[in-house]
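Student: Please take a close look at the pockets of this protein. I would also like to know what the chain does around them, with the cut-offs behind each term.

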Amino acid sequence: MRKLLNEELCRPTLEEYAEVDKLPVVVVLDNVRSAQNVGSFFRTADAFGIERIMLCGISSTPPNREIHKTALGAELSVKWNYFATTMECVESLRSEGYTILAIEQIEGAVMLNDFKADPDKRYAIIFGNEVEGVDQAVADVVDGAIEIPQVGIKHSLNVSVTAGILMWEMFRTLR
């Protein structure tokens, strides 16, 4: 089998991508400390047509060399906003009609394989800090939570890996 050349992939230009129908999904980063993880979110959000990314608290914002290392230019194609706190972001998204979901191991969380995205809803999915996860005060006000089933001895996945799994699932079920 021959690997395809980039030209054969027929990817849109930056201008064409701006016109592509996006998923009704906003990704919220709750104090994600690694700029390279933030860059990975941008690249994955670009791949799956995520509406926008909300960068909160200590999460780095473009332009940033470390973000660019992993985003590879996707920080230019994916819309983003910054909020000083995740709580302000959640309040704003709730007022816009989004269903707010934490991606967290939390009481009442639905396992991802049991989660059914409703195509008539708009979702905001919150990813937490690499050490602390989603802040408890934020977890207290979400509409629900999703957990990724795991069988290993580690209690969590890297946040950017988790993002890839969740964004793919939203793309798969809502597209």
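Tutor: The account starts with the pockets and then goes on to a strand, the salt bridges and some backbone features.

This is a predicted model, in which local features need pLDDT of at least 70 and side-chain atom pairs count only at pLDDT 80 or more, while totals for chains, interfaces and linings use all residues. Residues are numbered from 1 along each chain as its sequence is written, and side-chain values use heavy atoms, with hydrogens and water left out.

The largest pocket has a volume of about 540 Å³. Its lining has 19 residues, of which R11, P12, Y17, D46 and A47 are the closest to the centre. A pocket here is an open set of points on a 1 Å grid over the protein atoms alone, where a 1.4 Å probe fits and protein lies on both sides within 12 Å along at least five of seven lines; lining residues have an atom within 4 Å of a point. Grid points are joined across faces, edges and corners, and the volume is the space filled by probe spheres set on the points.

Helix 1 (14-18), helix 2 (35-48) and helix 4 (74-77) each give at least two residues to this lining, and helix 2 has the largest share, with four. Helices (H or I, at least four residues) and strands (E, at least two) are DSSP runs numbered from the N terminus. By residue class, the lining of the largest pocket has 10 nonpolar, four polar and five charged members. Nonpolar covers Ala, Val, Leu, Ile, Met, Phe, Trp, Tyr, Cys and Pro; charged covers Asp, Glu, Lys and Arg; the others, Gly among them, are polar.

The second largest pocket holds about 400 Å³ of space. It is lined by 21 residues, and those closest to its centre are I103, E104, G133, S156 and L157. Strand 7 (144-147) and helix 7 (159-174) are the elements that supply two or more of the lining residues. The lining of the second largest pocket divides into eight nonpolar, nine polar and four charged residues.

I103, from that lining, also belongs to strand 4 (residues 99-103), where five of the five residues are buried. Buried means under 20% relative accessible area, exposed over 50%, and partly exposed in between (1.4 Å probe, protein chains only). Both faces of strand 4 are covered, with T99, L101 and I103 buried on one side and I100 and A102 on the other. Strand 4 runs parallel to strand 6, with four bridges between them, and I100 has A124 as its bridge partner there. Strand 4 is also parallel to strand 7, through three bridges; L101 is partnered with G144. Strands count as paired if DSSP finds at least two bridges between them.

Helix 7 also contains R172. R172 counts as partly exposed because its relative accessibility is 48%. The side chain of R172 makes a polar contact with that of E169 at 2.7 Å. R172 and F48 are 124 residues apart in sequence, yet 9.1 Å apart in space, C-alpha to C-alpha.

Next come the salt bridges. Side chains of opposite charge can pair when their charged atoms come close. With a salt bridge taken as a side-chain nitrogen of Lys or Arg within 4 Å of a carboxyl oxygen of Asp or Glu, the count is eight. E130 and R33 form one of them, with the closest N and O atoms 4.0 Å apart. This pair links distant parts of the chain, 97 residues apart: E130 is in the loop between strand 6 (123-127) and helix 6 (136-139), and R33 in the loop between strand 1 (23-30) and helix 2. E8 and R2 form another, at 2.8 Å from N to O; E8 is partly exposed at 34%, whereas R2 is exposed at 57%.

Finally, the backbone. N31 is placed in the loop between strand 1 and helix 2, and its phi is near 60°, a positive value in a residue other than glycine. C10, in the segment before helix 1, likewise has a positive phi, near 55°. The peptide bond from P62 to P63 is cis, with omega near -10°; P63 sits in the loop between strand 2 (50-56) and helix 3 (65-71).

Conventions. A polar contact is a pair of N or O atoms within 3.5 Å; within protein, one must be able to donate a hydrogen and the other to accept it, and residues adjacent in sequence count only if both atoms are side-chain atoms.
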